[in-house]
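Here is a short tour of a few local features, meant to be read with the model open beside you. Let's start with a working term and then look around.

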Amino acid sequence: MDEALPLEITELHKSFGDRRALDGVSLTFAAGEILGLLGPNGAGKTTLVRSVVGRVRPDSGTVRVFGRPPDDSRSKAAVGYVTQEIALYPLLSPAENLSAFGRFQGLAGPPLDEAVGQSLQWTGLAERAKERTERLSGGMKRRLNIAAGTIHGPRLLLLDEPTVGVDPQSRERIYQMIEELRRGGVSLLYTTHYMEEAERLCDRIAIIDHGKIIALGTKEELVRSTLGARQTLTIETEAPVPAPLKASLEARGGTVTDSTVHFSVTEPAREIPELLAAFRNDGVRIRDLALKTATLEAVFLQLTGRELRE
Amino acid sequence: MIFAVARTHFAKLKRDRAAFVLAFVVPVVFFSVFASIFRGSSSRATTRQISVVVVDEDRSANSARFVDALKREKGLRVFDTRSVPGGRTAPVADATAAEAMVRSGDAPLALIVPRGFGSSPIRFGPSNRGPTLTVLADTSDPIAPQVFYGLLQKVAMTSMPDVMAETGIEQMDRWGGGLTAEQKATLQKNVDRLRQETRRTGPAAGGTGSDSDGGLVAVNVRDVLGEQKKNPTVAVFAAGLGVMFLLFSAAGAGGALIEEVESGTLDRVLSTRVTMTQLLLGKLLYLATVAVAQLTVMFLWGELFFGLELHSHVPGFLVMAVVTALAASAFGLVLAALSRTRMQLVALSNLLILVMSALGGSMFPRYLLSESVQKIGLVTLNAWAIDGFMKVFWRDEPLVALLPHRLARRWEVV
């Protein structure tokens, strides 16, 4: 069992009425890997995650967790699930919540006590272990939410948007917790809306849209395969671009809106001086110039035709 | 500004269908149910009949006439047999057998017509000595014995006018200075004519009679179940109200299930090693334990302040408390499963629990309702629980009597 992959998903289909939530999703990932799952709302991310924990029964296709079906008790013991919502008992204390989820995963006695103690230390909640959970700050609840999914020491952790609504400081603390889990050898499936999270944390990224994985790879692979070696050049002029120059720039592949010009360039060292000369010849003064490397955001836009947060 | 605030709330009410239903539909439905119940009760056609088991120890012509007239009385359902194992019936042999039927709840009343009744059934005034009819009553329905008492007087008058006239003549002869032979002959001739007339037409049938002191037939009403009870009706109220509040609290606690669905906690718990069966059984265990505690507190309070005899009925109470608590808790979970939001649960549970409580006897005794409505009430959890608690606290029956009827019968045969 230990030699089996943490997660193997093959040709997964799931429909809710007429809506196809998953349309032939196949995915595997290796031990210790963090796989980011990026997609707009309604793309099928949560359905996919719920299929892995056995909460959604697929219409067809298979899910294997360390080689076993998701509803096998050994699979459940090996998987941790951190929900998008703060899925805790608000009237119970952090210690009681951790204890409850530990028991639900089969822990008891001294191992449970030890796991609760470690989790409280790990989340920085030891001093507030006996307060009601509903009285904790949003960031604290988020950390406790993660700890409730990891109390039993899972080898595969599913994180469904774990940093939604969290302030930058708390988010940083959560990133540290995830790094620590990775160092501990835990494989992570990380669903997020935030590009910077995916870029920072994930070894590979899967982009999902309309229930299909439309791209899968490292960030560099995704950029190269989607946008090639192009970079984006943006030029801001002090006055609107005159019509003759506009026509000339558009003929060279640029897009001109009033006083903003966008170019996609592959050889900046050669192309930028040529463009600057064209502006100078027409007497147009440049206010600002920026050259940007292609981002995941641009990849996403290119692939789905939508902003991620639409 | 005031109108802006009010307008916002009207808009919210329009969108929140559950609140809308709660505000307008539930009261109308509930009113309709109650109106139907009481319209049924007040209608002549569906007025309940009082069941009476009769033992005629006299076996005379007059007692037979009297019993026959009782059988024809519309307000009564008179029977003189009982069902025995094997689906057969057997005559109710004597007063002891009749009393056992009253004690077990098979009949709310028993009438014992004593030896000698036929020779002197009518009395005029308290000084007149003669056999006394005995009514054995289960006063958990306190109205039935009083109605029956009135009907006995009425039937005596309409079924035996000749006997009444003869008795009157005897009294006049005794106390009025003596009648001549000629007067006696004339009176006897008229009495005979009256007797023939009565035989030909039968007694005047009618509805219910009224209670009165010092009737034409001497009647001794004996409360066979409540005579040794300190406070006979409090157990009925405790059981009825207890079940109703158990249902309300179970439905409220079932709402926690909906909150867990909404917060994602349920999804998370079910993603662990906890299965759906384990989850539901765990919730049932919790709800039922709380419900047993609620009933215990209520009955203890009843013992301390209202004379409820809990200490002498502990085993029966525990059995009834546990099964009632389990049933009410399961009911709460089913309601929660049927509802998608907490508001829906509130609307559904209010409607169902209030109707069940009204029909099942939690709000007022079922004997006040018409027979057809009483039968409908038998499907409610409230009625089962009240009947069970009655068997324990009112009838002092053994634990085996709490088994379902058929099972209990089989047990007795074994």
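## Ground rules

Buried means under 20% relative accessible area, exposed means over 50%, and partly exposed lies in between (1.4 Å probe, protein chains only). The model is a predicted one, where local features need pLDDT of at least 70, side-chain atom pairs count only at pLDDT 80 or more, and totals for chains, interfaces and linings use all residues. Residues are numbered from 1 along each chain as its sequence is written, chains are lettered from A and ligands numbered from 1 in the order in which they are written, and side-chain values use heavy atoms, with hydrogens and water left out.

With a relative accessible area of 60%, D258(A) is exposed. D258(A) sits in the loop between strand 11 (255-257) and strand 12 (260-265) of chain A; helices (H or I, at least four residues) and strands (E, at least two) are DSSP runs, numbered from the N terminus. Although not a glycine, D258(A) has a positive phi of about 50 degrees.

E11(A), another residue other than glycine, has a positive phi near 50 degrees. E11(A) belongs to strand 1 (residues 7-16) of chain A and is partly exposed, at 44% relative accessibility.

In chain A, the axes of helix 3 (residues 94-104) and helix 4 (residues 109-123) come within 9 Å and cross at roughly 130 degrees. That makes helix 3 of chain A oblique to helix 4 of chain A (under 35 degrees counts as roughly parallel, over 145 as roughly antiparallel, 65 to 115 as roughly perpendicular and the rest as oblique). Axes here are lines fitted to C-alpha atoms, for helices over the stretch in contact, and angles run from 0 to 180 degrees between N-to-C directions.

## Aromatic pairs

Over all chains, the structure holds nine aromatic pairs. Rings of Phe, Tyr and Trp (its six-membered ring) pair if their centres lie within 6.5 Å; planes under 30 degrees apart count as stacked, over 60 as edge-to-face and the rest as tilted. W301(B) and F305(B) form a tilted pair, with ring centres 4.4 Å apart and planes at 45 degrees. W301(B) is exposed at 51% relative accessibility, and F305(B) is exposed at 53%.

The rings of F317(B) and F389(B) are also tilted, with centres 6.3 Å apart and planes at 45 degrees. This pair links distant parts of the chain, 72 residues apart: F317(B) in helix 11 (residues 314-338) and F389(B) in helix 14 (residues 381-393) of chain B. F317(B) is buried at 3%, as is F389(B) at 1%.
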